[in-house]
Amino acid sequence: MTEARLLERGREAFDRRVWGESHRLLQAADRETPLEPEDLERLARAAYLTGQDEEAEAVLARAHQVYLDRGEREAAARSAFWLAFALLARGAMAPASGWLNRTERILDDGQIDCAVRGYLLIPVAIQRIVQGDAAASHDAFSQAAEIARRFGDRDLASLACHGRGRALIRLGHIAEGVALIDEAMASVIAGDVTPILAGDIYCSVLEACQEIFDLRRAYEWTTSLAGWCAAQPGLVRYRGECLTYRAEVLQWHGEWSAAERDARDACELLTAAGRAAAGAAFYRLGELHRLRGEFAKAEAAYARANECGRKPQPGLSQLRLALGQADVAAASIRGALETSTSLTRSARARMLAAAVEILLAADDREGARAAADELREIARVVGTPLLAAASAHADGAVLLAEGKVDAASASLRQAWDGWRDLEAPYEQAQTSVLVAAVCERRGDVDGRRLELDAARRLFAELDAFSSIGRADE
């Protein structure tokens, strides 16, 4: 095949988003005759999306140098930014910082006002939100949005829109923030955003859904992401993250076998790519093993998550409780709570929900009450059904331990209704066990039997046989 034909077919495959084929053809064309910088950028994007990070970075560096040699400073700045973007994606912070600085210097030296200046605000905005300054992050994203408007850059507009939404969520303006991330996703689904940024926005929006415990929205966007990945042959990047998110949603809905398959596949994909996100996949796999009573497998998965940088809490503490080590579990979850004060509300809420169960088992009612109270406040601020149900369950458990049977009954009924509406069978069964305890306190033998039978049936459907044993106890 001639060099011209290779290049033509490589471009066609790129436009069809067949990334593996595009990468192979453009790479072959480049071996015949060095590509022009525009085609080098195509080759770099195809390499990036097929998980070949180092090649993508090397090719972008070539494109950048060609642009500089030609005196095309704006194009050189753009390629330098995307090289920094690729480096940031794999956690190479120092070289990424160097390329960001170079991008800014090229623009300043040439006194160039262009959309790239808006892109340079994105890492700044992300860093602000990581540092806990959501207001400054929102300001930076808003500046980027204005630059996107001036230059008609749809990619930058979508990045800034979704970033503003995430910052608003952190600021407690949940409804306004969710509206913005939905708006950004509408642009992604309409095909207005390039694939690299579309994948990043998908993953970030799903993180936001986790942050506010919006299970229904997470299910919708996870399904959409799965379809988006499937429509792009050869796509490696984002596929592992998609499977991890889907595994969690499937876990909530009680589809544990499918969730485990997705979690395993995510572990393999992300480990092979050397991605830090592998930690989240191993943690999800550990959770599924723990819930099924496969405790040795859970322990091994949590250890792998920790090796990948994902602290295995609160799952590890819950595993210790399942093994009958209540005091060890209590010490572990107390330590996790002490070190999680700076985490997102979602991570903190997960710790608190687990802490209530563990501390009650360790006969620390005061600690359990404090955890339930804090969880209730987070649920009030976030205002999503899942967190409301989790808070009602925690309150009911503490009230029951305190001997306040009527108040416990009301709270647990609220939790049970919430789990039923969310189609979360495991959590519904757990609440039924506590409702059975309420019935026992009241001397309601039939009520106790019905609630336990319902819980056992749900646990059996999920293969959660260790939970059946705990319910019997």
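Trainee: How much space lies in the largest cavity?
Mentor: Good place to start, and keep in mind that this is a predicted model. The structure holds two cavities of 30 Å³ or more. For the largest cavity, the space comes to about 130 Å³.

Trainee: Which residues are the closest to the centre of the largest cavity?
Mentor: The lining of this cavity is made of 14 residues. By class they divide into nine nonpolar, two polar and three charged. The closest to the centre are Gln210, Leu215, Ala218, Glu248 and Trp252.

Trainee: Which element gives the largest share of the lining of the largest cavity?
Mentor: Let's look at the elements that give two or more residues to this lining: H11, helix H12 (215-230) and helix H13 (239-252). The largest share is four residues, and the element that supplies them is H13.

Trainee: What volume does the second largest cavity have?
Mentor: Its lining includes Gly51, Asp53, Tyr238 and Arg275. H13 and helix H14 (256-272) each supply at least two residues of that lining. The volume of the second largest cavity is about 80 Å³.

Trainee: How many residues in the lining of the second largest cavity are charged?
Mentor: Among the lining residues are Asp53, Arg237, Glu241 and Arg275. The whole lining divides into five nonpolar and two polar residues, and the charged ones number four.

Trainee: Now the pockets, please. Which residues lie nearest the centre of the second largest pocket?
Mentor: About 350 Å³ of space lies in this pocket. There are 20 residues in its lining. Those nearest its centre are Phe14, Glu41, Arg42, Arg45 and Thr194.

Trainee: Which helix gives the largest share of the lining of the second largest pocket?
Mentor: Two or more residues each come from helix H1 (3-15), helix H3 (37-49), helix H4 (53-70), helix H5 (73-89) and helix H11 (195-211). By class, the lining has 12 nonpolar, one polar and seven charged residues. The largest share, seven residues, comes from H3.

Trainee: How far does helix H16 reach from its first C-alpha to its last?
Mentor: Helix H16 covers residues 295-307, which makes 13 residues. At 1.5 Å a residue, 18 Å would be expected. The helix comes close to that, reaching 18 Å.

Trainee: Why do the buried residues of H16 line one face of the helix?
Mentor: The buried residues are Phe295, Ala298, Ala301, Tyr302 and Ala305. Look down the axis of H16: they line one face because they fall within an arc of 120°.

Trainee: Which helices do the buried residues of H16 pack against?
Mentor: Picture the helix with two sides. The face turned away from the buried side carries the exposed residues Ala296 and Glu307. The buried residues pack against helix H15 (278-291), helix H17 (315-322) and helix H25 (465-472).

Technical notes. Residues numbered from 1 in each chain as written. Predicted model: local features only at pLDDT ≥ 70, side-chain atom pairs only at ≥ 80, totals over all residues. Heavy atoms only, no water. 1 Å grid on protein atoms, 1.4 Å probe; cavity = no way out; pocket = protein on both sides within 12 Å on 5 of 7 lines; lining within 4 Å. Points joined across faces, edges and corners; volume = space filled by probe spheres on them. Nonpolar A, V, L, I, M, F, W, Y, C, P; charged D, E, K, R; others polar. Expected span 1.5 Å × (residues − 1). Buried < 20%, exposed > 50% of the residue type's maximum accessible area, 1.4 Å probe, protein only. Arc of directions from axis to C-beta. Contact = heavy atoms within 4.5 Å.
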